[in-house]
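Welcome! Try each task before you read its solution.

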Amino acid sequence: MKRLNTIVPAIGAGLLALMPSLALAAGDLGQAQQQPTNWSAIGMFVVFVGMTLVITYWAARRTKSAADFYAAGGGITGFQNGLAIAGDYMSAASFLGISALVYGSGFDGLIYSVGWLVGWPIILFLIAERLRNLGKYTFADVAAYRLGQTPVRSFAATSALVVVIFYLIGQMVGAGQLIKLLFGLEYTYAVVIVGILMMIYVTFGGMKATTWVQIIKACLLLSGATFIALAVLAHFGFSFEALFAKAVEVHPKHAAIMAPGTLVSDPIEAVSLAMALMFGTAGLPHILMRFFTVADAKAARKSVFYATSFIGYFYILTFIIGFGAITLVGTNPEFLDASGKGLRGGANMAAIHLANAVGGDLFLGFISAVAFATILAVVSGLTLAGASAISHDLYANVFARGRTNEATEVRVSKLASVGLGIIAVLLGIVFEKQNIAYMVGLTFAIAASTNFPVLVMSMFWKGLSTRGAVAGGFLGLAGAVVLTVLGPTVWKDVLGHPAAIFPFKYPAIFSMPLAFASIWFFSVTDGSQRAKDEKEAFEAQLIRSETGLGAEGAHAH
Amino acid sequence: MSNDLHAKIRSNPKYAELVRKRSSFAWLLSILVLIIYYSFIMVIAFAPKVLGTPLSEGSVTTIGLPIGVGVILSAIVLTGIYVRRANTEFDELTKQLIEGSK
């Protein structure tokens, strides 16, 4: 199960409890992991990499200013940005993980998809246009808009880096495992390849290259998934009833797959997970950063609408794919392991085997290459977000206090990208055999308990002071980390203690209110002159956030 | 942006109208999303069997599926509704406000 979980960290701890039979089946996964070298997949991946390197070369020649590097010069359209956001969000983990979850327990897979999607309307209604109107390159621009630059940016950069690094570990370990499975490459090679390509995209092509890599990948993934889903439906004469009837007949859990199962049984756990999924999205630095790549608030709104549509459509496809795998993969001994119960290569192979079943070897190669490309694109976006926190927030605004120029700032950013790339590769190797299933859950919990409360309060609450933002943000961060460590997934499953100190797997239901309450408390008790000035400055901030007057567009640079 | 322009915008009744209309619309839709989503989660937590009810007599498909897919579609539709109104009515109001304050 260890290996299995590391492949799809996004599914989080739920998977472990959910699939005891698969856990047993995966016992022998560790030894027989590496698959024979898959040449058609490697060939298609090489084509993809070649294409993206051409784009990076093109983007590098057009990336001159800091605005180009961080925000693609603000020249991305709403539609393109919607695709890129969807690309950032549709990770290999969600493609393989959700279809695996549906394969294993049917309806429960839908619960995760829904949770991941409903954060988007909230981002649109409350955050997107205000973010675009107030910020320039990073969400810290907005959080620190009328507050003390040094403390607030230091906090925002720290929490952004924590989120980015935890997320990167999950993606890197997932990448290594997946590539080993799909391509038959060594784990270490795979992690190093991902690291090097990601560094090339980000340092040479900046946001422009990262965005286009993401757009291409999103198109490939959406068309690949559409093809699989259509092939499945065609097999059943386009009748959902026929598909479900067959699935219920052949699945070991039978009719139970058509209703909620054991994934969400405790109401507190359910709400806590729901909060982390919903509000965590609104606190992910690499997602927030995408809103600065469009020209204005109008385009920012449009991009959320397109992103929500693509992501929603994609989740519906993964649901069909999961059921397709139950009927077409789970019944075919060719795809099963020696025991005949688990899937060859592990539960996360459901979508991959289905690609083979409906489209043959060549299509299998295509989907494998797309899965690899997906990881590559997501880690690039993460690295860029982490690098801008270092260069734009920490270096330019905290360390140099604005006394630097664009060229130096971009150079620092490129160095930071290389540094983060190396760290990601090293951590990927260190964590190879660790159980990191908790990591994506932790990432969302941290984002929901640090970045999201600070961002929302800075936009909507006049009374916010620097002290409140920093103290509340750090307490939210500490709360999310400590409660995760003391909870069942880390304290019991990873550290091996007999019982967890904190009984819940997901901390957001406690750490998020803790953050909001401490932001409020440390602001209202702040009687300093600075706090008074900060309240005064809210009016001007509100006018800019509501009207877009003075907002920094691409033309301003 | 000068203080003069600020004062003009603040005293322009269109500014109050814009902020009021957009905020109430945004919070209304947010609350709607929260109600839809948390009702779904609460049914799963407290009455999961309800979602296992067959769609019609003898069918395998349960009402949970259209409901789950419906939550996804509702998110898409609500974002569409907001973008439509914001990109026309609110943006027009903003334009008038800025021009009227110059």
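**Exercise 1. In which loop of chain A does A:Ala72 lie?**

Please keep in mind throughout that this is a predicted model.

Step 1. Find the helices on either side: A:Ala72 sits in the loop between helix H5 (66–71) and helix H6 (78–89) of chain A.

Step 2. Look at the backbone. A:Ala72 has a positive phi of about 50 degrees, although it is not a glycine.

Step 3. Count the surroundings. A residue is buried if 20 or more other C-beta atoms lie within 10 Å of its own. A:Ala72 has 28 other C-beta atoms within 10 Å, so it is buried.

**Exercise 2. Is A:Phe238 buried or exposed?**

Step 1. Locate the residue: A:Phe238 is in the loop between helix H12 (187–235) and H13 of chain A.

Step 2. Check phi. Its value at A:Phe238 is near 55 degrees, which is positive in a residue other than glycine.

Step 3. Apply the count, where 12 or fewer means exposed. A:Phe238 has 11 C-beta neighbours inside 10 Å, so it counts as exposed.

**Exercise 3. Describe the overall build of chain A.**

Step 1. Take the secondary structure: chain A has 25 helices and zero strands.

Step 2. Take the dimensions. Along the principal axes, the C-alpha atoms of chain A fill a box of roughly 70 × 50 × 45 Å.

Step 3. Compare with a compact globule. For 557 residues its radius of gyration would be near 24 Å, and the 23 Å of chain A agrees with that.

Step 4. Of the 557 residues of chain A, 66% count as buried. Among contacts in chain A with a separation of 6 or more, 84% are between residues 24 or more positions apart.

**Exercise 4. Which residues have the most contacts inside the largest nonpolar core?**

Step 1. Start with the core itself: it has 235 residues, and A:Val194 and A:Leu354 have the most contacts inside it.

Step 2. Ask which helix contributes most. Helix H17 (residues 350–399) of chain A gives the most to this core, with 29 residues.

Step 3. Zoom in on A:Leu354. Leaving aside neighbours within four places in sequence, A:Leu354 is in contact with A:Ile228, A:Ile321, A:Gly324, A:Ala325, A:Leu328 and A:Val329.

**Exercise 5. How does the radius of gyration of chain B compare with that of a compact globule?**

Step 1. Note the elements: chain B has four helices and zero strands, in the pattern α-α-α-α along the sequence.

Step 2. A compact globule of 102 residues would have a radius of gyration near 13 Å, but chain B has 21 Å.

Step 3. Buried residues make up 28% of its 102 residues.

Step 4. Pick one residue. B:Ser56 lies in the loop between helix H3 (48–51) and helix H4 (64–101) of chain B, and it counts as exposed, with 8 C-beta neighbours inside 10 Å.

**Exercise 6. How many residues does each chain bring to the contact?**

Step 1. Count both sides: 43 residues come from chain A and 42 residues from chain B.

Step 2. Find the main contributor. H16(A) gives the most to the side of chain A that touches chain B, with 10 residues.

Step 3. Sort that side of chain A by type: 31 residues are nonpolar, seven polar and five charged.

How values were computed. Residues numbered from 1 in each chain as written. Chains lettered and ligands numbered in written order. Predicted model: local features only at pLDDT ≥ 70, side-chain atom pairs only at ≥ 80, totals over all residues. Contact = placed C-beta atoms within 7 Å. Helix = DSSP H or I, 4+ residues; strand = E, 2+ residues; numbered from the N terminus. Nonpolar A, V, L, I, M, F, W, Y, C, P; charged D, E, K, R; others polar. Rg over C-alpha atoms; globule rule 2.2 N^0.38 Å. Core = buried A, V, L, I, M, F, W, Y, C linked by C-beta atoms within 7 Å.
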